[in-house]
Amino acid sequence: MKIVIATPEAVPYVKTGGLADVAGALCKHLKKLGEEPCVVLPLYKVIKNNAKDIVDTGLSINVPVGDSKITGKIYKNNDSSYLFIDCPIFFNRDELYGTPEGDYADNCSRFVFFSRGIIEMCKELNFRPDIIHCNDWQTSLIPLYLKTLYKSDKFFENTATLLTIHNLGYQGLFPPEELYITNLGWDLFTPEGIEFYGKINFLKAGLLSAEILTTVSPTYSREILKVEYGFGLDGVLRVRESDLYGVINGIDYDEWNPSKDSYLPYNYDYNNLEGRKRCRVKLFKDLFGYSKKIDKVPIIGMVGRLSEQKGLDILLDAIPDILAFDVRIVILGKGDERYHNRLEELFDKFKGRLFLKIGFDEKLAHLIYAGSDFFLMPSKYEPCGLGQLIALRYGSIPIVRDTGGLSDTIEDFNPLSLKGTGFVFKDFKASSLLDALKRSFCLFTEKDKMMKVIKNCMKRDFSWKKSTVTYLELYEKALEKRLSRI
Ligand code: ADP
């Protein structure tokens with residue numbers, strides 16, 4: 001099957017979050033199954049500056065964006081499994097979507113160009129996809145374009161679309177004055193169409209027009225049908241409920257492999273955890289200095305976007321109470337300025353017990369997974385979450401809130417049966433988070449039991465194999481739906 005994976009980010013070239021891991025890993029595993037996938041990305045500055053294996057194909061496209069036609073050059077990697085659309089006025093910037101102060105003001109134009117550019121690029125390359133697998137709002141106009149502006153284009157008559165919602169909280173909202181940029185008609189600007197409380201909603205365009213919709217865990221696929229988690233789109237999603245599926249993300253077990261991980265100072269595996277012990281000591285010494293108590297003090301790690309979604313509000317409230325225990329907290333992340341500021345205040349106050357690094361740091365992230373005892377994800381909502389899956393693989397016991405993919409992947413520890421892979425709490429409250437942490441501190445004092453749970457974690461398998469097969473089945477479904485309409 002010929003599959004275009006349309007995505008605003010993908011490993012190994014550019015990543016700000018889990019979507020990048022998913023897009024890259026899915027491409028790799030589809031290839032392993034003999035399919036013909038190809039990831040399409042904007043050629044951001046960070047890719048241009050760092051990627052060694054990409055070349056200009058010499059081909060270009062002219063993409064209508066409002067009244068203008070904007071030229072994009074097509075680049076590709078060694079084996080053509082990644083294609084890039086180069087357009088310096090849109091993508092030669094330091095960030096992908098915006099700065100901590102806010103989104104880029106021309107994001108509507110940037111992602112109209114990218115979405116329509118992908119369609120034009122397929123034609124230019126004479127690559128007739130069976131499936132265009134769209135991801136999040138940045139590519140959500142593609143299904144609608146195929147059903148409107150490209151409706152009678154024979155080139156795409158057998159092309160079906162699948163849209164994956166990685167996070168319903170980000171929808172691509174723009175004022176109606178920018179509708180002309182999309183080249184879509186005003187007839188679509190209705191509540192049944194792409195209007196959303198007076199604005200244009202890119203994600204809604206995809207939700208209405210893709211043949212199949214998926215999200216990244218079964219629990220999240222049910223949660224988003226409720227007002228509480230629906231971000232105003234629960235009504236639209238309920239209409240499409242029979243086409244909505246939850247496919248749990250995997251992680252790339254080659255990349256995330258503690259026995260081979262080149263970011264780690266010491267490697268280890270399920271049968272020999274000596275390297276993990278050493279990583280733990282290194283993490284502790286590097287961040288907090290030497291202490292005789294290293295073995296006696298639990299290290300709680302957290303790696304992720306510092307946003308409301310990730311539960312920063314309850315975490316910030318809980319930090320003073322957590323640090324009333326003799327524990328260490330390590331936080332690595334980047335996100336909203338208001339959380340940066342509040343965390344920095346706490347960092348000054350609790351220096352020596354709280355370590356904070358604001359920024360993106362792959363090497364430190366790996367050491368945190370390998371060296372921390374517990375991995376914290378107190379998310380308000382969590383479509384899937386990769387952090388907890390990586391933590392399981394590296395033997396750091398997850399402490400998570402009972403929501404979305406966290407509910408689907410972490411089993412609460414039972415002190416009687418010693419079954420379970422983490423600590424799960426229900427209420428989105430600092431006190432509930434603290435209760436879960438207290439349970440984890442008790443486990444930490446019993447070395448044998450602690451080891452048993454670490455092993456429970458490392459035994460779990462969240463590799464991509466199963467999910468890739470599920471995506472293939474859904475691609476087939478999307479095609480059937482598409483062809484039955486012709
Ligand atoms: P998101 O909602 O941001 O996609 P996920 O848990 O699904 O969250 O995925 C986050 C991914 O990004 C994980 O691989 C995590 O290790 C990585 N990550 C997040 N923030 C950072 C950071 N500051 N430095 C290094 N890696 C990070």
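This is a predicted model: local features need pLDDT of at least 70, side-chain atom pairs count only at pLDDT 80 or more; totals for chains, interfaces and linings use all residues.
Helices (H or I, at least four residues) and strands (E, at least two) are DSSP runs, numbered from the N terminus.

## The largest cavity

A search of the whole structure turns up two cavities of 30 Å³ or more. The largest cavity has a volume of about 50 Å³. Helix 5 (141–147) and strand 9 (160–165) each give at least two residues to its lining, and helix 5 has the largest share, with three.

The lining of the largest cavity consists of Pro143, Leu146, Lys147, Thr159, Ala160, Thr161, Ser209, Glu211 and Arg482. By class, these are three nonpolar, three polar and three charged residues.

## The second largest cavity

The second largest cavity holds about 40 Å³ of space. Among the residues that line it are Val11, Asp21, Val22, Trp256 and Trp464. Six of its lining residues are nonpolar, one is polar and three are charged.

## Around the ligand

Asp21 lines the second largest cavity and also reaches the ligand: one of its polar side-chain atoms is 3.3 Å from a ligand oxygen atom. The backbone takes part too. A backbone N or O atom of Asp361 lies 3.1 Å from a nitrogen atom of the ligand, while a polar backbone atom of Leu386 is 2.9 Å from a ligand oxygen atom. Of the 570 Å² of accessible area that the ligand has on its own, the protein covers 93%.

In total, 20 residues surround the ligand, and the closest are Gly18, Arg305, Lys310, Gly359 and Tyr369. They divide into eight nonpolar, seven polar and five charged. Strand 15 gives the most to this shell, three residues; helix 1 (18–32) and helix 13 (362–371) are among the elements that supply at least two. Because domain 1 (2–250 + 465–484) and domain 2 (274–461) both give residues to the shell, the ligand lies between them.

## The second largest pocket

Helix 10 (274–288), helix 13 and helix 17 (447–459) are the elements that give two or more residues to the lining.

Helix 10 has the largest share of this pocket's lining, with six residues. Eight of the lining residues are charged, seven are nonpolar and one is polar.

Key:
Residues are numbered from 1 along each chain as its sequence is written. Side-chain values use heavy atoms; hydrogens and water are left out. A residue is near a molecule or strand if one of its heavy atoms lies within 4 Å of it. A polar contact is a pair of N or O atoms within 3.5 Å; within protein, one must be able to donate a hydrogen and the other to accept it, and residues adjacent in sequence count only if both atoms are side-chain atoms. Accessible areas come from the Shrake-Rupley method with a 1.4 Å probe; for residues, only the protein chains shown count as cover. Ala, Val, Leu, Ile, Met, Phe, Trp, Tyr, Cys and Pro count as nonpolar, Asp, Glu, Lys and Arg as charged, and the others, Gly among them, as polar. Domain bounds come from an automatic or database domain assignment. On a 1 Å grid over the protein atoms alone, a cavity is a set of points where a 1.4 Å probe fits but cannot get out, and a pocket is an open set with protein on both sides within 12 Å along at least five of seven lines; lining residues have an atom within 4 Å of a point. Grid points are joined across faces, edges and corners, and a volume is the space filled by probe spheres set on the points.
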